[in-house]
Amino acid sequence: MKLPLRGPALAGLVLTCLTVLVAAAAPLVAPHDPIEISDPVGARLLAPSTTHLLGTDAFGRDVLSRLLFAARGSLAVALAAALLGSLLGAAVGLAAALG
């Protein structure tokens, strides 16, 4: 079976699917608790390392874990906006066709 998608379209589809899968599996793949402050003094603003792949923020929280969990909220907002836009667009189009 040959896919009709090529180049950038296929890359976009793969990245979108990967993002959705990782966001859905965030509790399983996140290396640390996203809201846990490990050591308020010693773990603040650490550079990326094997323990914290993207480093830590100003409160000592793991940036990768926070990013994985934040993707869930971002995808929910994007889906809601697309759904709302589609519904409003269909309603306006239907009103324009009937009027």
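Contact here means heavy atoms within 4.5 Å, and the views that follow are close-ups of a predicted model.

**View 1. Arg61 and the residues around it in the loop between H2 and H3.** Arg61 lies in the loop that runs between H2 and H3, and its relative accessible area of 18% places it among the buried residues, because buried means under 20%. Leaving out residues up to four places away in sequence, Arg61 touches Pro34, Ile35, Glu36 and Ile37, together with Gly55, Thr56 and Arg66.

View 2. When neighbours within four places in sequence are set aside, Ile37 is in contact with Phe59 and with Arg61, the latter being buried. The C-alpha atoms of Ile37 and Gly12 are 35 Å apart in space, while the two residues are 25 residues apart in sequence.

**View 3. His52 and Leu45, two further residues of the loop between H2 and H3.** His52 is buried, with a relative accessible area of 10%, and its contacts, not counting residues up to four places away in sequence, are with His32, Leu46, Ala47 and Asp62. Leu45, by contrast, is exposed, its relative accessible area being 63%. The backbone at Leu45 has a positive phi of about 50°, although this residue is not a glycine. Most residues other than glycine have a negative phi.

**View 4. The packing of helix H1 on helix H3.** Two packed helices are described by the angle between their axes and the distance between the axes. Helix H1, formed by residues 8-24, and helix H3, formed by residues 63-98, pack at an angle of about 115° with their axes 8 Å apart. Angles of 65 to 115 degrees count as roughly perpendicular, and H1 and H3 are therefore described as roughly perpendicular to each other. H1 passes H3 in a left-handed crossing. On the H1 side the contact is made by Thr19, Val20, Val22, Ala23 and Ala24, and on the H3 side by Leu68, Ala71, Arg72 and Leu75. The residues of this contact divide into 7 nonpolar, 1 polar and 1 charged.

**View 5. Helix H3, its span and its buried residues.** The 36 residues of H3 should span 52 Å at 1.5 Å a residue, and the C-alpha atoms at the ends of the helix are 52 Å apart, which agrees with that expectation. The buried residues of H3 are Leu64, Ser65, Leu68 and Ala71, and these pack against H1 and against helix H2, which comprises residues 26-29. Among them, Leu68 and Ala71 also take part in the contact of H3 with H1.

View 6. Gly73 and Ala23 are 50 residues apart in sequence, yet their C-alpha atoms are 8.9 Å apart in space; Ala23 is one of the H1 residues that make the contact with H3. From Ala78 to Ser65 the separation is 13 residues in sequence and 20 Å in space, C-alpha to C-alpha, and Ser65 is one of the buried residues of H3.

Conventions. Residues numbered from 1 in each chain as written. Predicted model: local features only at pLDDT ≥ 70, side-chain atom pairs only at ≥ 80, totals over all residues. Heavy atoms only, no water. Axes fitted to C-alpha atoms, helices over the stretch in contact; angles between N-to-C directions. Helix = DSSP H or I, 4+ residues; strand = E, 2+ residues; numbered from the N terminus. Parallel < 35°, antiparallel > 145°, perpendicular 65-115°, else oblique. Left-handed = near helix turned anticlockwise from the far one by under 90°. Nonpolar A, V, L, I, M, F, W, Y, C, P; charged D, E, K, R; others polar. Expected span 1.5 Å × (residues − 1). Buried < 20%, exposed > 50% of the residue type's maximum accessible area, 1.4 Å probe, protein only.
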